[in-house]
Amino acid sequence: MNCDFVADSLTMLAAETLPEEERRSCMNHIATCEECADALQGAIALWTVRSQHTEDTPQGMFERVMSHTFAATEQRVSGRRFWLGAGFGGAIAASLLAVTFALGMLAIPEQPEVAEFYVSMDESRPMHVAIETDRPLANATISILLSGDVEVEGYGDRRELSWTEDLDMGINKLTLPLKAVGAQGGQMVVRLSHPDSEQLFVVQLRTDG
Amino acid sequence: MGKAAGMSFSRTDNSRFTELVRPHFDALFAAARRLTVSAADAEDLVQDVCLKAHLRIDELETIEFRRAWLLKILYHRFIDIQRTRNRSPVDMADTGADSHDPDIMTREESRPEDLVEREMRVDKIIRAMSILNSEASSLLALHDIEGYSLQELKTLTGLPEGTIKSRLHRTRSRLGRLLSNEAIQKPVLTVVGSKK
């Protein structure tokens, strides 16, 4: 018995379908081989995922996804910098704001993109930002600067959040749960920066009601 | 090479894409659903996959194992999203649901506590998978979750069977080690400023 044989048998071992004699041989090897013991844990974990029950595809989903796909591609082709949620499913299609992050922009544009979003004092509302890049960006810094009567839920009165991300080429989704803490509204600046470029995106936040 | 550069799409492209994807759509949704908390999340993931695949329609048309190719994109995408979410201070992909989502309660597990425990375990597995290399993790998912054979993966990736086999074993071991590590936690937010 060796690691190769165990490797070939792990899926069946995890599924408990390996014949008893082979199972015993594998387990004897696993008792003495740390690598194979870890691999068995991995195989059992993946079997857990595999055996998850799933429901049928929701009715109308295929048509909906195709329709969004074609619309998103159409907008992409037309070169619009702002595409409004096409390409995402119904769950986040509403209130989607988009940023296109193109390489080669070495300075902050004089007129950053400006959008509008309505926040409420009664409930937290998810603001979806779609960041589209024309190639993968490692270690891009995303900074959120807030002013006015608005908070990112869970972060209290913090006015600036900053972190780094590896952005995929194409669409990256960011969801910010926002809540109004006063009637005056506010402003959010989303700054994307990378050694090659930087871009600002401004959202005017208005309080509902 | 897909259509991303200088692309243009016609109605014919769209109906061709529809016909190419339709036979695999249920499998895509099922795979997405196993990984996500709600049907809406699964739909978003499948949507992303279709968008990416549509831009590569020429490649999709010529590929032998279309379903495996699409599933590979799905796992790759999911792991990337998960990785981003793990590092982000805020939810990077709106789940629209939590572990009490009524969708989940329709699954076959009988007791809510079993269901929650299972969800937590799957969540931990997914977080561990997101720490692994996306390519290796996707390959492992295709084999161990979707049931593709080594021969099929060889055709899909062009890699020798021996290489695939050793990668799978190595990745499984790494996953097992990660799962025994209790420290798989979401990273902590770095806040660089706050209001006085």
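User: Which residues of H1(A) are buried?

Analyst: This is a predicted model, where local features need pLDDT of at least 70, side-chain atom pairs count only at pLDDT 80 or more, and totals for chains, interfaces and linings use all residues. Numbering starts from 1 along each chain as its sequence is written, with chains lettered from A and ligands numbered from 1 in the order in which they are written. Buried here is 20 or more other C-beta atoms within 10 Å of a residue's own, against 12 or fewer for exposed and in between for partly exposed, with C-beta atoms placed from the backbone. On that count the buried ones are A:Val6, A:Ala7, A:Ser9, A:Leu10, A:Thr11, A:Leu13 and A:Ala14.

User: Which helices of chain B do the buried residues of H1(A) pack against?

Analyst: Helices are DSSP runs of H or I, at least four residues, and strands are E runs of at least two, numbered from the N terminus. Within chain A, the buried residues of H1(A) pack against H2 (20–30) and H3 (34–50). From chain B, the partners are H7 (134–145) and H9 (161–179).

User: Which element of chain B has the lowest mean pLDDT?

Analyst: pLDDT is the predictor's confidence in each residue, from 0 to 100. Chain B averages 75, and H9(B) has the highest mean among its elements, 92. Over residues 91–109 of chain B, pLDDT stays under 50. The lowest mean, 41, belongs to helix H5 (residues 102–105) of chain B.

Terms used: Two residues are in contact if their C-beta atoms, placed from the backbone, lie within 7 Å.
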